[in-house]
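This report goes through the packing of a single predicted model.

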Amino acid sequence: LLLDKENLDKEDKEMLSHVSTSGEFLLELINDILDLGRIESEKQDLELEIVDIHTVINSSVIMLSHMAKPKNIDITVESSCEKPLYILADVQAMNRILNNLLSNAIKFSNPGSAVQVNTERTANDKIQLTVQDSGIGIAKEAIPQLFEKFSRESRPGTAGERSTGLGLAIVKELVGLQGGSIEVESKEGEGSCFNLQFPIAKVSPEESKDIEIDNEGLPLG
């Protein structure tokens, strides 16, 4: 509220901006610790349902547009499949996964660059989702520790954005809880590509209302 006042001098506005940024970072850290705690204590009750993965992707892209706009970063979404791609997933967990990956891609991308989100159906009947940027990348020796909690490889973004070091640990846990896998390919100075795979559900959201399905989204009986 103070930052919205027009009669603030430059020094006061700068100090208030630091207070605001630090508060936002602290809130993010607390939320990440709480989320990781719930997951590790096995109290994370996922509400699995048949969802269209593109609906989740588009929702996250819209939600993260406020981060991309100040850096003039273009987020593109492409798919090699004409039909919807359904997975058995928890919508909130999937949103958390996509939000973390997209926010990282934006954070570590240079102003004026692009972030790409692609989906395709693999030969082994899974959905592959990739989030790719052309930012600062990750050193080869740092990749094995990337999904560890409070990773020492956590670095400031290209605009000085701070990181809690917990986001990717949460992503890996949530992906695993939904029967998926995650890998990363990166080269320092050239960008990073996160590859996720999930089993394809064999029924649509409408069909799942009338039949029983198993833990992989397959119809029972």
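Asn-99 is part of helix H4. In this predicted model, Asn-99 has a relative accessibility of 16% and therefore counts as buried, the cut-off being under 20%. The side chain of Asn-99 makes a polar contact of 2.9 Å with that of Ser-60. Neighbours within four places in sequence aside, Asn-99 is in contact with Ser-60, Met-63 and Leu-64.

Ser-60 is one of the buried residues of helix H2 (residues 53-63), along with Ile-53, His-54, Val-56, Ile-57 and Val-61. These residues lie on the same side of H2, because the arc they cover around the axis is only 160°. Thr-55 and Ile-62, on the other side of H2, are exposed. Where H2 starts, the backbone nitrogen of His-54 has a side-chain oxygen of Asp-52 within 3.0 Å.

The sheet is open and mixed in its pairing, with five strands in the order S2-S4-S5-S7-S6. Its edges are strand S2 (74-79) and strand S6 (181-187); each has a single partner strand, so one side of each has no neighbour in the sheet. On average, and with direction ignored, neighbouring strands are turned by 15° against each other.

Inside the sheet, strand S5 (residues 126-133) pairs with strand S7 (residues 191-199) in the antiparallel sense, over seven bridges. Gln-132 has Cys-193 of S7 as its bridge partner.

| Helix | Strands | Angle |
|---|---|---|
| H2 | lies across S2, S4 (114-121) and S5 | about 175° to S2 |
| H5 (residues 167-177) | touches S6 and S7 | about 145° with S6 |

The nonpolar cores come next. The largest comprises 44 residues, and Met-94, Ile-97, Phe-194 and Leu-196 have the most contacts inside it. Helix H4 (residues 91-107) supplies eight residues, the largest share of this core.

Methods: Residues are numbered from 1 along each chain as its sequence is written. This is a predicted model: local features need pLDDT of at least 70, side-chain atom pairs count only at pLDDT 80 or more; totals for chains, interfaces and linings use all residues. Side-chain values use heavy atoms; hydrogens and water are left out. A nonpolar core is a set of buried Ala, Val, Leu, Ile, Met, Phe, Trp, Tyr and Cys residues joined through side-chain atoms within 4.5 Å. Buried means under 20% relative accessible area, exposed over 50%, partly exposed in between (1.4 Å probe, protein chains only). Helices (H or I, at least four residues) and strands (E, at least two) are DSSP runs, numbered from the N terminus. A polar contact is a pair of N or O atoms within 3.5 Å; within protein, one must be able to donate a hydrogen and the other to accept it, and residues adjacent in sequence count only if both atoms are side-chain atoms. Contact means heavy atoms within 4.5 Å. The arc is that of the directions from the helix axis to the C-beta atoms. Two strands pair if DSSP finds at least two bridges between them. Axes are lines fitted to C-alpha atoms, for helices over the stretch in contact, and angles run from 0 to 180 degrees between N-to-C directions.
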